[in-house]
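Notebook open, model loaded. I want the fold first, then the contacts.

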Amino acid sequence: MMPDLGKYAEAVLSSYAVSIVLLVVLVWLSVWRATRVRKQLEDIESKVKRDG
Amino acid sequence: MIALLIRDLRLAMRAGGGFGLGLAFFLIVVTLVPFGVGPQSDLLARIAAGILWLGALLACLLSLDRILALDWEDGSLDLLATAPLPMEAIVSIKALAHWLTTGLPLVLFAPVFGLLMNLPEAGYKPLVLSLLLGTPALSVIGTFGAALTVGLKRGGLLLSLLVLPLYVPTLIFGAEMARRGVEGLDITTPMLMLAGITCGTIALLPFASAAVLRVNLR
Amino acid sequence: MNLNALWAYANPKKFIQATDRVLPWISILAVLSLVVGLVWGFFFTPEDYRQGSTVKIIYLHVPSALMAINAWLMMLVTSLVWIVRRHHVSALAARAAAPVGAVMTLIALATGAIWGQPMWGTWWAWDPRLTSFLILFLFYLGYIALWEAIEDDDTAADLTSILCLVGSVFALLSRYAVNFWNQGLHQGASLSLDKEENVADVFYYPLLVCIAGFVLLFIALVFLRTQTEIRARRMRALLARERMG
Amino acid sequence: MVLNVSDLTIARGGIKVLEGISFDLAPGGAIVLRGPNGIGKTTLLRTIAGLQPPHSGRVDADPESLVYAGHSDGLKATLTVEENLVFWAQVFGNTDISKAVKSFQMARLVNRPAGMLSAGQKRRLGLARLLVTGRPVWILDEPTVSLDADAVAMFASAVRAHLARGGSALIATHIDLGLPEAEMLEVGPFRARAAELDDFDEAFL
């Protein structure tokens, strides 16, 4: 399954690891903040509507 | 306009520090470098031009936040903005005052610091010339940064972060010109580039600085 | 298509409605093409006769480098739109894109350094391309820091868009200056119209899929993050309105 | 009319604070703006002075006729009273400062650094600045902060002299200035109504 990367295995694997980690962190942070802000806004909107 | 320039220069003189501080900082940088890299005179001679340029740049950076912050705090900027001076002229004068109090002394004293750094003889003229051509750009770019961060309470660090990347082209061409001078190579290309950058920033950047300052005064 | 109709999406509400419809599809496509491209590139491409298996890094390095520059270009365009037409969504899209661009720059730098180690024998060389990317990264940091530092949203939008314009000019100047300063080890552009000279077909097709994946990922992230910025902005406006009573 | 404000709406931080303000200021006339703190008097004056754009409506005035004095006086502590005044006179294209020095009885202080003045003296110097600009329309934001009763009277007489010469003044203040001839304008009724809720467009509200 794993291709033979030869003497450069470390370099190739570490660059894939670094990049994928960075991308996942970026996506996760964006999604996390999106859901949080969406929820906060809904709370405020419902409160404002209730108060008139 | 001249009144503003005279006032700024007078303030720099009265406040002490204005003229001297940048120079003193420059001297300290030049003193500390041999402690960091060792006292071998051939090594110092090789890096002298670069260190002197870097020292000048840092000395400039040190005083940038004073360009506009003091006038902002005491309300002078509001009043100047409603005065019959165009904002572009105000920021240009501010940059000129900064250059006269910081850049020009550095240019004049650069040969002395060159002596300390064991700068080869061929290097003095290109070094002074490159500083003379380059430091006005540093002041004008710095004024833009100061205008961006003028309303912020802790703007000092942000100012450095914003301004230093903008300093890259000036530093590269200025230091390259001085370095080539030391090595006795042709300095025409970097000199023209440096002059071009300085003229370009002096001509165009005040418009951006003025726009930014107007936004900050809203 | 009528270009003027495009401006309708500058309305925050309409922007959120429209992007909500397409966001799931773009996200699925982005993940799909990234997985396909990276798996293809990692498992099913041969080694380069000169660079050995390190050539597989190209599937990350080139797309992220492209997106690092394109993200800045997109910010430049949206900043101009904000300055000229004053559409808030445009300014917020620039704000949303900046961290994505910064991460892309970081990936390009990291993969470049890791690649450089076996190829050039050093982690970091002051090579013009690498140096330019480092400077670009600094520009991203300054831009993001300025957005964060200013409280008033419209002031921040104005200042950051002017910084983006000025920064673009100086970034270009720096690129030229850095080239002049050091001629560098980096190979020429990996992609160009006459691909025969640069990258062989076996590497080329998975690379294209990866680039498509990065572009789609960028679009999806910018849409999502712009929605977030719009909502955060509306939240601040509602809170301020409440304070006024 | 030297200043004509019609249906002006102003915003602070993107939020409307005052709306539908209209008034005229004639040569020799004065208007005093009254209203509680935070209602937007400062924003209104800054908008009229041209420091920030109006949200909607019009301000018609010759920008070369206005002079603005805000909360801070724009004085430099290390410069003397005379140097401060001469500087502002020159910025506005004048040279003579003697009249300003006389009106605010600052003759004894001219050679003293502004940093050595008391708070009230500083404020007087800031107001003396208005005279040296030579501009007819004064826009003053809380001009009597930190002035004692005598100094307030001095200020009132300076404004009166200015009006008598055909100048005009627009003043925001809480206290009674002793200017019975000035017209009062209560800004409270112009307070902006909160924006409609579901109208979620460019303004985010």
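Started with chain B, which reads α-α-α-α-α-α-α-α-α along the sequence. I counted nine helices and zero strands in chain B (DSSP runs, H or I of at least four residues for helices, E of at least two for strands, numbered from the N terminus). The radius of gyration of chain B came out at 18 Å, close to the 17 Å from the globule rule for 218 residues, so chain B is as compact as a globular protein of that length (C-alpha atoms; the rule is 2.2 Å times the number of residues to the power 0.38).

Housekeeping: this is a predicted model, where local features need pLDDT of at least 70 and side-chain atom pairs pLDDT 80 or more, while totals for chains, interfaces and linings use all residues. Residues count from 1 along each chain as its sequence is written, with chains lettered from A and ligands numbered from 1 in the order written.

Next I looked up extent: the C-alpha trace of chain B spans about 55 × 35 × 30 Å along its principal axes.

Then contacts, meaning C-beta atoms, placed from the backbone, within 7 Å. Of those in chain B between residues at least 6 apart in sequence, 82% join residues at least 24 apart.

Which residues of chain B meet chain D? I found 19 residues of chain B in contact with 22 of chain D. Helix 1 (2-14) and helix 5 (76-81) of chain B are the elements that give two or more residues to that side. Helix 1 of chain B gives the most, with six residues.

Conventions
Contact = placed C-beta atoms within 7 Å.
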